[in-house]
Amino acid sequence: MRYAYFPGCSAESTARDMNKSTYAIARALKLDLEEPRGWTCCGATAGHQTDRLLAVALPAANLSKVKDMNMDMVVNCAACYNRMKVANHEITTNADIRRDVRDALDRDYDGTVKVRHFLEVLLEDVGLPAISKSLKRTMKGIKVACYYGCLLVRPPEILKFDDAENPKSLDRLITAMGGLSLEWPCKVDCCGGSLSLSRTDVVLRLTESILDMAVRAGADCIAVSCPMCQINLDVRQQDINREMGRNYRMPVIYITQLLGLCLGLRPAELGFEKLMVSPADVLKKMEVYSHE
Amino acid sequence: MITIKKTSVDNGLKGQVEKLTGVDLSVCFQCKKCSSGCPVASLAGTRPSEIMRLLHLGAGKELLGRDLVWMCVSCETCSARCPMGIDVAGVIDVLRRLTHDSGAPKPAGNMPLFNRAFLKTVEVFGRPYDMGMIAAYKLGTGRLMDDTDKFPTMLRKGKIALLPARGIECETIRRIFKKAKENRGKRP
């Protein structure tokens, strides 16, 4: 199966581990990912907070590239996924916007490229039975708090991803991998990622309440899919510990990294060394050793 | 009770917001679900339901200086849960866009500067350039030492790119930014 894969800009900085593990499991599951040539930034939060044309035309510049590739666009970054789908929605429902975007891109894009999240490809195209058959290792005995954040599920009427209040996609994967996915109330809470540098005071409060709940639920780790959530929950733990007198050591691991381990890949092939909070305890429970 | 001074009534702002979002603000019946689900409502001086009410009552440009406008994390919980289908987060986004050149005071943390620094690197390189963006933002806010304790580890782990993306054709990107500048004020 071939897809136009949009890595998103964080794949080149904070989320190299997400990108590396995505490619690694795609190879293992025989998914062919092809990047649109010269892809550019979707504008992210800064785009839509600043200007409506930037909010729609920056994603559309990439969508129109994928239109020429004649494939579905697959995105693993929740922020990019969100912006691409919202841009498609705006272009197909608002003729003025479509015209403004056409003037800016110097071509008409009709908003019809199908945008899918990598989790949807795993669950719908590969499917849990095939994934279960490919497992070389399981997550038996490991308790996982699956965290979805905002951008993957909202706005629900446009994204149509899973259930916006109680999504199960990550939980289903964790269960298929033999892990124990926990019931906990923070699945779709916001970690404040967009304010990470500007209002760190606010962000520490939001991330602390999520980490606190994961600890109370008894989690060994938090599984994420969004690179904004990952870096925010991972890197801010030392600030919370210092400034709020806590002692968090909660690994925040991409679902693609966990699935990669279960598919028999080595931690180094999945970028495990890039995580800020050590995942050593989880790896030990899975009987994976870094020299493997 | 939410009130505003008669002298500050400015139905222009309400009209502008309604036109730019396509939202009919009069359907809000103040159930406050948006405020209940808002992750920053307890930290901000103004809650989302209050913004809706103040707009409805005809609050003017001073609304653009309320802290929630830039404390909002764009999580869209308010929009997703509004029983009347009002895109509350979309309303906040429009308020943010209207703060450009409005003379509104700089919000705490100066998120507009962060956004400008981010977008400038996108305009120049086609993709954001961490080091350039962080440097511009830190110089602008004077918060030079924030987070420097993590930089060495993040650099070593390759979590901050030292160099910008190269070799990306940016003609389209530049045209988008140019059009956006031309349209500003007309179609924010």
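Which residues cover the two faces of strand β7 (residues 221–224) of chain A, and are they buried or exposed? On one side sit A:C221 and A:A223, on the other A:I222 and A:V224, and all of them are buried (buried means 20 or more other C-beta atoms within 10 Å of a residue's own, exposed means 12 or fewer, and partly exposed is in between, with C-beta atoms placed from the backbone). In a regular strand, side chains alternate between the two faces of the sheet. Strands here are DSSP runs of E with at least two residues, while helices are runs of H or I with at least four, both numbered from the N terminus.

A quick word on the model: it is predicted, so local features need pLDDT of at least 70 and side-chain atom pairs count only at pLDDT 80 or more, while totals for chains, interfaces and linings use all residues. Residues are numbered from 1 along each chain as its sequence is written, and chains are lettered from A and ligands numbered from 1 in the order in which they are written.

Back in chain A, β7 has partners (strands pair if DSSP finds at least two bridges between them). Strand β5 (residues 143–147) runs parallel to β7 and is joined to it by four bridges, with A:V144 opposite A:C221. Strand β8 (residues 252–254) is also parallel to β7, through three bridges, and there A:I253 is the bridge partner of A:A223.

Leaving out residues up to four places away in sequence, A:I222 touches A:A145, A:Y147, A:A214, A:L233, A:M250 and A:V252 (contact means C-beta atoms, placed from the backbone, within 7 Å). A:I222 also turns up in the largest nonpolar core, which has 157 residues; along with A:A57, A:M73, A:V75, A:Y147, A:A223 and B:I176, it touches the most other members. Helix α3 (residues 52–69) of chain A gives this core its largest share, ten residues. Such a core is a set of buried Ala, Val, Leu, Ile, Met, Phe, Trp, Tyr and Cys residues joined through C-beta atoms within 7 Å.

As for chain B, it has ten helices and zero strands. Its C-alpha atoms fill a box of roughly 55 × 40 × 30 Å along the principal axes, and 41% of its 188 residues count as buried.

Where the chains meet, 46 residues of chain A are in contact with 49 of chain B. On the chain A side, α2 (44–50), α3, α5 (95–105) and α10 (200–216) each supply at least two residues.

Definitions and conventions
Two residues are in contact if their C-beta atoms, placed from the backbone, lie within 7 Å.
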